[in-house]
Amino acid sequence: MPAKFVHKKTPKIGVLGAISRNASALVLGLKYFFEPNRFTLMYPREYIVLDKRYRGFIVLNKNKCIGCESCARVCPTGAMKMIKIEVPDPKNPGKKKIAKYPTINHQRCVYCGFCVDICPTEALYHVPVHDVVYFNLADMIQDLESFQKEPVSPAAAEGAIPVKYVFDPERGLVKVRVKEGEKK
Amino acid sequence: MQAGEVPKINMSSWEVGESRYLPGMEIKRLGKERFVVYIGPQHPGSGHMRIIIKVDGDVIVEADPDLGYVHRTMEKLSEGRAFIKIIPLVERMAILDACNVTLPYVEAVEKLLGLEPPERAKYLRVALCEINRIASHLYGFGIFGVFLGHSTMYMWGFGDREVLVELAEKLTGARLTHTYPIFGGVRRDAPQNFTDNLRKAIRYLRKRLDEYRKIFLDNPVIRRRLEGVGIVPKKVAVDLGLVGPNLRASGVEYDVRAIEPYEAYDELDFEIPVFEEGDSLARAWVRVEEIKQSLRILEQIADKLDKTKGQQIMHDRFWAKAPPLYKKVFEAEGRVKLMPLFAILRVPKGRSFARTEAARGEITYYVESDGKDKPYRVRIVSPSFRNAIMFKYVIPGHRIADLPAIYGSFDYFPPEADR
Amino acid sequence: MAYLSVWTLTERVISIVFWGIVKLIFWPPIYQFVIIPGLAAAMVVVISIIWFERKAAARVQMRYGPWEVSPRLAGYLQLFADLIRYSFQEIIIPRTVDLMPFLTSPLFALLLSILPLAVIPVSPVKWTWPLTPSAMRYSVLIAAALTTLSPIFIVAMGWASNNRFATIGSMRETFLITAYELSAVIGLFSVVATVHSFDFTKVVAFQGGGKWLGLINPLALLATFIATLISTSAFPFEISDAENEIVAGPFTEYSGLMYGINMGSAYIKRWAMSILIALAFLGGWRPYIPPPNAGYVTGYLIPSLIVTAKAVIVMALMSFLRAVYGRYRIDQALHVSWKYVFALAIAGFGLAILEGYIL
């Protein structure tokens with residue numbers, strides 16, 4: 001059934017209405033003054049334990065990578081580049097062969113996750129971390145080694161309280177502390 | 001000049017020979033008691049644009065919107081990239097409305113490919129579209145509130161938007177730039193408790209809308225600022241080609257969801273509010289009513305998502321031949337893995353055209369492919385761009401203090417207009 | 001013997017110095033103008049009220065407000081941090097300004113906002129009055145007259161800044177002055193009609209036994225309250241320095257400490273007006289009555305603190321409105337103030353005359 005158009009008028013308020021509307025606005029303000037409803041995350045003291053589905057930092061599992069270049073080809077910003085390195089050839093022991101692996105430039109990455117989704121062997125994966133800080137731009141260009149390391153949230157590393165938000169029909173979002181056990 | 005009256009543009013001064021100046025750069029003598037004020041681009045009430053106003057005392061006699069401060073050549077950039085790479089690009093147009101602004105592009109390419117997404121994918125697209133629509137309207141309300149000095153509306157709008165952003169994050173994995181719809185379907189299935197969370201959020205937002213009404217829309221101070229300000233008569237709105245809630249606030253029945261239903265909108269039962277007055281207050285109210293209807297749509301979508309649980313969300317062309325690993329990942333994580341051919345997808349030769357109703361109005365894409373892996377041309381007409389013309393004709397005749405009340409009520413979003 | 005006399009001498013010197021300092025502190029012109037309710041108290045109150053304003057608005061608005069600077073004091077020290085920052089920020093003076101008025105107007109505006117506090121009594125004890133008893137008979141009149149002086153310097157600031165937004169802002173201020181002054185003065189003078197005296201001490205004495213003028217004449221109180229909101233650009237009348245319309249109005253070109261002074265002087269004016277409201281409508285230092293032969297503490301400090309507490313409550317109420325209201329347009333504010341507030345003030349005055357006749 002297609003949508004219907006419904007004509008409406010903005011409600012009118014008279015002089016008496018204006019007085020009562022003033023009062024109800026003030027009462028509502030006072031209500032929230034006494035019972036505030038806050039979502040604020042006290043960030044460096046608390047951090048959100050993100051979902052596993054969160055599209056956070058991207059990490060390479062080198063063992064699974066077959067060097068197919070799909071990730072570099074699909075990357076919309078050109079953040080993912082293939083590099084060639086010499087690795088021992090399993091077929092000819094003692095010989096070396098050229099293998100291709102992706103590396104990422106976090107200056108350019110927009111975390112669309114196309115590379116993760118297009119990887120035919122699940123060699124790339126998202127880590128539910130979004131608050132890694134780099135001290136200079138050069139650090140953001142990952143090499144093969146650092147691309148394989150899972151980044152750790154600096155807040156979590158410094159012992160911040162893990163929290164997560166759960167939906168609530170009365171208060172919208174409620175911040176709940178995450179216990180050690182249920183983190184993963 | 002009366003408010004809302006469309007002045008005649010004097011074309012003669014543009015003709016070569018008659019004027020020594022290029023169009024738009026003429027030097028005119030101001031009236032004796034006139035005053036030029038540059039509102040923007042570094043003004044707390046302008047956004048990424050400039051409105052050059054001429055005032056006579058406190059009354060604006062001429063307004064000249066000056067756009068283009070955040071132009072990013074999206075159309076030209078699109079000609080140089082593969083089809084799939086354009087999705088993350090164009091969603092930067094309006095990141096808080098990401099699904100709505102990318103969906104017509106995806107649909108246009110799907111038309112060229114001859115694909116129809118599966119049923120559940122359609123529901124998921126509609127779900128994210130409506131979540132984005134509400135979030136975008138709340139953002140607009142926030143900005144509108146702070147323009148009128150109402151800081152509580154600003155914080156409430158942005159605070160409650162968090163609920164919707166959180167929902168979108170649970171669905172897509174990203175808070176804002178979701179990159180969710182993709183050729184042939186969507187990228188992620190809804191997580192286990194998504195519909196429960198959705199219903200909770202709907203209940204919360206219904207309650208909050210009532211409170212917004214109390215503190216903002218029915219607040220006598222705000223009402224006096226908005227009532228009868230920036231009236232756009234029906235005829236002017238049509239003549240100047242307004243779109244979206246701004247058009248519907250002037251009493252015109254036009255909504256792409258109704259006149260040309262896309263995705264699952266023809267299966268859903270909802271109303272499209274139309275207000276008659278055409279003033280700033282009506283433009284605020286039409287958004288509130290739209291949020292209510294969006295909540296109604298989301299409720300129905302929640303039921304439909306429960307019914308179609310476990311169904312496929314990717315078109316068979318990209319899913320039937322998927323290796324077992326892909327199906328395993330989908331079953332375990334609800335993540336649709338893309339076939340490697342997406343990166344080099346060749347789209348058949350042809351032209352296609354698609355439009356959707358984004359939060360700020362109708363957004364249109366024209367995609368032309370010459371059979372290669374990159375489009376020949378992508379043309380985008382965004383809703384804010386079509387609404388921007390209105391500043392020139394609505395603002396004159398009002399006071400300087402009305403400028404934020406009008407600017408905010410149009411929910412104008414410069415990055416979307418400049419593309 | 002000599003030892004003892006040196007000791008007593010020292011003792012005497014110390015006691016002279018100590019009591020001298022005490023006397024100096026409690027010398028009415030110093031005490032009223034510099035300590036309570038003058039500059040020092042105003043400073044503390046303004047800082048606390050700005051803190052309260054930010055915290056209250058934050059509670060309504062789903063946030064915490066200032067917190068990070070001193071979590072245990074709920075961010076109270078943030079305001080001092082701001083003050084220090086303002087004091088050390090570079091003061092940029094544009095080349096196009098009219099230098100003398102540009103530099104001096106903020107100081108005059110600040111000084112004149114606080115001047116009414118130098119002529120009001122904060123205690124019924126006679127020696128504490130800053131004016132002679134004969135001049136005290138006109139204290140309501142003098143205080144009301146002094147409150148009307150500072151806005152002219154805000155207009156001067158806008159004009160001296162030579163900036164379009166500042167010009168528009170000072171134009172708005174000019175319009176608003178005419179709109180609120182009359183209501184504020186008539187509202188304040190309605191107490192005179194009831195009490196039959198221009199003397200603040202008599203006004204307060206009249207309000208003994210819970211017979212607060214604000215309770216028996218709420219119309220005049222409301223009119224004065226709203227006029228105060230307009231005069232100190234509080235919400236919903238934050239019009240002359242509306243940020244989203246005209247940046248900061250008359251203060252657009254000011255930076256650093258000069259801007260801090262401007263921002264503070266609106267609050268200090270609100271403070272002075274709140275003190276006047278507390279005295280005229282909320283019973284002043286009543287229900288406290290100083291004992292006969294009252295000393296510095298019982299006769300001066302305690303009553304002044306009671307007045308301060310009442311004024312702080314009035315000010316907190318004014319600040320809370322930020323969380324609920326937006327701002328009016330200039331013509332609407334004029335409409336409200338001439339059509340409703342002025343009528344309210346006149347009605348309050350009429351009621352006051354009636355009550356003055358009956359009571």
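In chain C, the mean positions of the 23 positive and 16 negative charges sit 8 Å apart. The model is a predicted one, in which local features need pLDDT of at least 70 and side-chain atom pairs count only at pLDDT 80 or more, while totals for chains, interfaces and linings use all residues. Residues are numbered from 1 along each chain as its sequence is written, chains are lettered from A and ligands numbered from 1 in the order in which they are written, and side-chain values use heavy atoms, leaving out hydrogens and water.

Chain C has 16 helices and zero strands, where helices (H or I, at least four residues) and strands (E, at least two) are DSSP runs numbered from the N terminus. Along the principal axes, the C-alpha atoms of chain C fill a box of roughly 80 × 60 × 45 Å. Buried residues make up 55% of the 359 in this chain; buried means under 20% relative accessible area, exposed over 50%, and partly exposed in between (1.4 Å probe, protein chains only). The accessible surface of chain C is about 15,600 Å², and 74% of that belongs to carbon and sulfur atoms. These areas come from the Shrake-Rupley method with a 1.4 Å probe, and for residues only the protein chains shown count as cover. As for contacts (heavy atoms within 4.5 Å), take those in chain C between residues at least 6 apart in sequence: 78% of them join residues at least 24 apart.

Pro303(C) gives a close-up of this chain. The residue belongs to helix H15, residues 296-320 of chain C, and is buried at 0% relative accessibility. Setting aside residues up to four places away in sequence, Pro303(C) touches Val122(C), Ser123(C), Trp285(C), Tyr288(C), Val297(C) and Thr298(C). Ile84(C), on the other hand, is 219 residues from Pro303(C) along the chain, and their C-alpha atoms are separated by 32 Å.

Now to chain B, which has 17 helices and nine strands. With a radius of gyration of 23 Å, close to the 22 Å that the globule rule gives for 419 residues, chain B is as compact as a globular protein of that length. Its C-alpha trace spans about 80 × 55 × 35 Å along the principal axes. Of the 419 residues in chain B, 63% are buried, and the chain exposes about 14,900 Å², with carbon and sulfur atoms supplying 52%. Among chain B contacts between residues at least 6 apart in sequence, 70% join residues at least 24 apart.

Arg225(B) makes contacts in both chains. This arginine lies in helix H7 of chain B, residues 220-226, and counts as buried at 0% relative accessibility. Not counting residues up to four places away in sequence, its contacts include Leu148(B), Ala401(B) and Asp402(B), as well as Glu245(C), Arg327(C) and Tyr328(C).

Over all chains, the search turns up 63 salt bridges, each being a side-chain nitrogen of Lys or Arg within 4 Å of a carboxyl oxygen of Asp or Glu. In one of them, Asp160(B) and Arg208(B) meet at 2.7 Å, N to O. The pair links distant parts of the chain, 48 residues apart, with Asp160(B) in helix H5 (residues 151-172) and Arg208(B) in helix H6 (residues 194-217). Asp160(B) is buried at 0% relative accessible area, and Arg208(B) is buried at 0% too.

Helix H5 also holds Lys170(B) and Glu166(B), separated by about one helical turn because they are four residues apart. Their side chains form a salt bridge at 3.4 Å, N to O. Lys170(B) is buried at 13% relative accessibility, and Glu166(B) is buried at 4%. Elsewhere, salt bridges that share partners join Glu130(B), Arg133(B), Arg248(B), Asp255(B), Arg257(B), Glu290(B) and Glu357(B) into one network.

Key. Lys and Arg count as positive and Asp and Glu as negative; His and the chain ends are not counted. The place of a charge is taken as NZ of Lys, CZ of Arg, CG of Asp or CD of Glu. The radius of gyration is taken over C-alpha atoms; the globule rule is 2.2 Å times the number of residues to the power 0.38.
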